[in-house]
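Colleague: I have not looked at this structure before. Could you take me through it feature by feature?

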Protein chains: 2
Amino acid sequence: MKETKKQEFTKEYLIKKSVDFSQWYTDVILKSEMADYAPVKGCQVIMPYGYAIWETIQKVLDQMLKNDGIENAYFPLLIPQKSLQKEQEHIEGFSPELAIVTIGGGETLTEKLVLRPTSETIIYEMYAKWIKSWRDLPLRINQWANVVRWEKRTRLFLRTTEFLWQEGHTVHSTDKEALKETQKAIERYIKIYQEYFAIDGIWGKKSEQEKFPGAVHTFTYEMLMPDNKALQGCTSHYLGQNFAKAFHIQFLGKDGANHFPFQTCWGFSTRSLGALIMAHGDDNGLVLPPLLAPVQVVIVPILQGKNIDKKVLQMSEKLKNSLPVRVYADTREEYSSGWKFNHWELKGVPLRIEIGPREVQQKKATLARRDNGEKITVPLTSLPNRINKILQDIQKNLLQQTRKYLYSHIHEVKNYSEFQEIMEQKRGLAKAFWCEHPQCEQKIKEETKATTRCLAHNAKPQKGKCVYCQKPASHQWIFGIAY
Amino acid sequence: MKETKKQEFTKEYLIKKSVDFSQWYTDVILKSEMADYAPVKGCQVIMPYGYAIWETIQKVLDQMLKNDGIENAYFPLLIPQKSLQKEQEHIEGFSPELAIVTIGGGETLTEKLVLRPTSETIIYEMYAKWIKSWRDLPLRINQWANVVRWEKRTRLFLRTTEFLWQEGHTVHSTDKEALKETQKAIERYIKIYQEYFAIDGIWGKKSEQEKFPGAVHTFTYEMLMPDNKALQGCTSHYLGQNFAKAFHIQFLGKDGANHFPFQTCWGFSTRSLGALIMAHGDDNGLVLPPLLAPVQVVIVPILQGKNIDKKVLQMSEKLKNSLPVRVYADTREEYSSGWKFNHWELKGVPLRIEIGPREVQQKKATLARRDNGEKITVPLTSLPNRINKILQDIQKNLLQQTRKYLYSHIHEVKNYSEFQEIMEQKRGLAKAFWCEHPQCEQKIKEETKATTRCLAHNAKPQKGKCVYCQKPASHQWIFGIAY
């Protein structure tokens with residue numbers, strides 16, 4: 001940790017978000033026990049508190065996939081180098097990031113094996129074997145897996161050498177069906193981000209330069225973080241027939257002829273937890289949206305003196321067993337109430353219930369909201385209803401906050417100097433006409449660090465001039481400096 | 001596939017279980033689409049049908065763990081070679097099986113990284129960092145992960161280069177508590193095998209030679225396969241303070257002094273699916289116990305002629321929507337009823353419902369059990385109840401069958417020639433006095449291929465003589481030729 005003045009810490013060792021966002025991010029992850037650094041550079045341990053959030057995401061997303069008729073399977077971690085090389089753009093995109101196994105069982109391998117950076121190649125080798133006729137289509141499979149990408153610069157959750165994700169891979173007889181699947185996949189992710197993560201974002205199409213290596217086009221969900229950098233939340237790719245041709249996937253159509261099918265793939269990873277932490281956290285630590293919080297409500301008994309303690313503890317326990325939410329009663333006697341308040345704030349628990357002698361006497365409970373600090377006193381009889389309403393309100397409020405933040409930080413720019421100013425001053429995203437030539441995109445990136453994030457799905461064709469070269473442009477694109 | 005005479009196949013390409021067990025095993029896995037060979041030698045793809053079974057196992061076991069207060073986390077795949085070397089017995093046990101990454105991001109790594117063959121070393125490096133005081137204990141974490149072991153001879157599910165499993169790792173302040181946890185873990189597994197897999201087995205303690213490298217003792221669940229080879233189903237290890245000392249895990253006790261804690265670890269893997277296939281399958285394919293079957297009931301409409309077809313299909317659909325089980329109605333028109341019967345028998349669906357014109361007219365359904373071939377006709381009104389009862393009965397029957405088989409193939413032997421005869425003729429397991437000296441165990445293994453499978457948990461101390469050396473022995477051990 002960098003040297004910092006004492007007053008810049010809100011809690012012991014936790015720096016203020018506004019003072020050093022990057023340090024705050026690392027601190028809050030380590031102190032809240034979301035994750036820890038592993039002995040291998042760039043690798044992390046997802047600790048139980050962080051993993052519980054990932055499990056909830058998995059459960060929700062997995063159910064969505066199953067409801068849509070997608071089945072899970074498991075493909076191998078190890079990919080022969082020659083498989084990976086079959087699709088030209090794909091291997092060019094991933095080759096700088098590969099981890100390679102060269103020794104197995106004490107012997108040097110005759111063929112080097114790559115740890116999957118993503119599984120198109122291994123999966124499509126199998127698909128080529130499995131798919132024979134139109135009867136085998138559509139084929140729609142998902143896998144939950146770990147992947148390895150050798151990144152030069154790593155950050156907890158955001159960019160780790162190994163990360164966890166799901167990757168869906170579907171094959172269809174028509175482009176129409178595949179395009180629909182690509183769209184459906186991004187819609188599922190938007191729902192997850194908005195309804196569960198409570199993070200608003202912009203979804204749309206990536207530029208040719210920024211799309212997935214080997215795809216025809218890529219949909220993305222782009223979020224704006226509080227440091228005004230953009231974060232790509234997930235992607236859904238329409239692969240057309242590119243991989244089908246490279247991997248010789250063919251099916252006998254009803255017409256009796258062989259055809260190349262159309263494919264899609266899409267993924268959602270533990271990187272999303274980085275967005276969750278950054279988007280909502282504050283000077284006191286994490287702020288978790290209720291639907292993803294491992295503990296939605298924490299009960300803290302205020303213990304003062306032996307006689308009353310028993311009643312306070314009894315009421316805390318009783319309350320814990322009566323609430324239909326994920327609730328934890330922190331009845332430990334070795335920690336003070338003040339320590340517990342800080343501890344559970346750091347862990348981002350959406351709602352705290354305080355039960356003290358006064359509460360016992362008045363048959364009331366004092367509730368403290370993590371998102372806005374509001375404190376109210378509620379009669380015990382109406383508690384379950386009120387808690388549900390407050391949790392829903394917190395969930396909604398968090399989404400509203402990110403929505404407000406996002407839209408107040410999108411700047412429609414008229415010229416390149418405005419564009420530059422926004423990027424230099426880290427003021428957010430720029431909405432600008434772009435001629436869609438990679439040269440301009442490249443120049444803008446070199447000069448401002450900003451990249452095209454996406455063409456928003458609702459962007460309408462307009463007459464305009466490219467912000468960089470002044471040549472005709474038909475759409476305004478979203479630009480930003482990305483994580 | 002080997003050359004075999006036509007009459008040895010019961011279905012096209014599926015050899016009889018009794019003719020060539022080993023070939024039958026591979027065939028039934030590939031044809032039922034449980035798994036497929038991957039391009040890398042020794043690796044497999046777990047296909048949706050096989051993975052659905054694994055998902056059910058995961059769901060059941062994961063809930064058991066959560067109910068017992070164990071939390072999930074995720075530790076890295078990549079382990080520095082030096083971590084792995086900290087516990088001497090452990091590294092000796094695993095070093096012949098390691099897959100090693102030597103290249104990352106295009107560069108030769110200065111420190112080679114091992115793909116986890118199991119995660120004690122990486123997890124205990126972290127535990128050493130996390131555990132400081134008695135307040136941090138017990139620490140009880142589980143992870144669901146892939147592991148890699150470079151095996152010379154591989155078999156689908158039973159021994160694959162990469163496999164999936166859960167591994168639990170707990171740390172306790174007392175040996176008593178750790179011993180209880182080791183016991184609890186094997187009890188969970190016994191429940192899974194008996195109640196869900198419907199496979200009876202013997203549980204007990206491994207010999208010094210056969211225990212986990214680095215453990216004080218190992219509990220195992222041993223099953224007998226129809227080819228009379230023993231299969232180790234899972235293990236639970238009491239580690240004592242061995243790893244704590246090797247990894248410098250210490251905690252400050254309530255007494256103010258530093259202590260080494262006591263540890264346990266235990267795992268259950270996709271190898272179990274191999275047992276499931278072997279134990280219950282027959283000449284017609286898989287036979288799945290209802291609690292693990294992805295499809296518990298398949299409805300096959302008997303389609304004969306246009307007019308009646310509609311009613312048959314309607315009734316099939318209606319039935320599908322009314323049954324509270326995992327049900328599939330195979331209404332596809334491109335396949336005949338006979339083909340469907342074979343197909344779903346091959347896939348081991350516990351119960352088939354046939355709906356034909358006669359069934360429509362009489363408001364009845366014809367049920368066919370997969371386990372014993374029984375066929376009965378049941379009025380529609382009593383169908384849901386009857387189906388539930390039949391499924392329960394199938395589950396029970398399968399367990400009974402394995403129980404009967406197991407106990408009729410355990411031979412209490414009086415002398416070594418009897419022992420040898422049993423192993424030579426592949427007649428099952430031997431129960432024999434053994435002096436517990438590794439030399440006798442080693443000699444027996446060399447001469448008969450049989451190893452000690454376990455000392456059954458209920459084995460009573462007796463006065464006897466070692467089956468090999470005739471020296472005094474206090475217990476009869478279970479011996480067998482193992483997978």
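Modeller: We can start with one pair of residues: A:Ile100 has B:Ile103 as its bridge partner in β7(B). Keep in mind that this is a predicted model.

Colleague: Which strands does that bridge belong to, and in what sense do they pair?

Modeller: Strand β7 (residues 99–104) of chain A pairs with β7(B) in the antiparallel sense, over 5 bridges.

Colleague: How many residues of each chain are in contact with the other chain?

Modeller: Contact here is judged by C-beta atoms lying within 7 Å. By that rule, 45 residues of chain B touch 45 residues of chain A. On the chain B side, strand β7 (residues 99–104) gives the most, with 6 residues. Sorted by class, that side has 29 nonpolar, 7 polar and 9 charged residues.

Colleague: Why can one say that the copies meet through the same surface?

Modeller: Because 100% of the interface residues of chain B are also interface residues in chain A.

Colleague: What rotation superposes chain B on chain A?

Modeller: A rotation of 180°, with 0.0 Å of shift along its axis, and the RMSD is 0.0 Å. This is the relation of a two-fold axis. In chain B, the C-alpha nearest the axis belongs to B:Val101, 2.0 Å from it.

Colleague: Which residue stands opposite B:Val101 in β8(B)?

Modeller: B:Leu113 stands opposite B:Val101 there. The two strands, β7(B) and β8(B), pair in the antiparallel sense over 4 bridges. They form a hairpin with 2 residues between them, and B:Gly105 in the turn has a positive phi of about 55°. Strand β8 (residues 107–115) of chain B is also joined by 3 bridges to strand β6 (residues 78–80) of chain B, and these two run antiparallel. In that pairing, B:Ile79 has B:Val114 as its bridge partner in β8(B).

Colleague: Now the wider layout. Into which domains is chain A divided?

Modeller: Chain A has domain 1 (32–280), domain 2 (297–389) and domain 3 (410–480). The C-alpha centres of domain 2 and domain 3 of chain A lie 50 Å apart.

Colleague: How should I read the order of strands in a sheet?

Modeller: Read it as a row of neighbours. In chain A, 11 strands form an open sheet in the order β5-β9-β10-β16-β13-β12-β11-β24-β27-β23-β22, and the pairing is mixed. The edge strands of chain A are β5 (71–72) and β22 (410–412), each of which pairs on one side only.

Colleague: Can you show me one pair of neighbours from that row?

Modeller: Take strand β24 (residues 451–456) and strand β27 (residues 475–480) of chain A: 3 bridges join them, and they run antiparallel. A:Thr451 has A:Gly480 as its bridge partner in β27(A).

Colleague: What is the strand order of the open sheet in chain B?

Modeller: The order in chain B is β5-β9-β10-β16-β13-β12-β11-β24-β27-β23-β22, again with mixed pairing. β5 (71–72) and β22 (410–412) of chain B each have a single partner strand, so one side of each is left without a neighbour in the sheet. B:Ile410 stands opposite B:Leu429 in β23(B).

Colleague: Which strands of chain B does helix α8 (residues 271–280) lie across?

Modeller: Helix α8 of chain B lies across β10 (162–172), β12 (217–224), β13 (230–240) and β16 (262–269), running at about 150° to β13(B).

Colleague: And how do I read the packing of two helices?

Modeller: Look at the angle, the distance and the residues that touch. Helix α2 (residues 48–67) and helix α6 (residues 175–196) of chain A pack at an angle of about 145°, with their axes 11 Å apart. Their crossing is right-handed. The contact is made by A:Ile57, A:Val60, A:Leu61 and A:Met64 of α2(A) with A:Arg188, A:Ile192 and A:Tyr196 of α6(A). By class these are 6 nonpolar, no polar and 1 charged.

Notes. Residues are numbered from 1 along each chain as its sequence is written. Chains are lettered from A and ligands numbered from 1 in the order in which they are written. This is a predicted model: local features need pLDDT of at least 70, side-chain atom pairs count only at pLDDT 80 or more; totals for chains, interfaces and linings use all residues. Copies are superposed by least squares on the C-alpha atoms of residues with pLDDT of at least 70 in both. Two residues are in contact if their C-beta atoms, placed from the backbone, lie within 7 Å. Ala, Val, Leu, Ile, Met, Phe, Trp, Tyr, Cys and Pro count as nonpolar, Asp, Glu, Lys and Arg as charged, and the others, Gly among them, as polar. Two strands pair if DSSP finds at least two bridges between them. Domain bounds come from an automatic or database domain assignment. Axes are lines fitted to C-alpha atoms, for helices over the stretch in contact, and angles run from 0 to 180 degrees between N-to-C directions. A crossing is left-handed if the near helix is turned anticlockwise from the far one by less than a right angle, and right-handed if clockwise.
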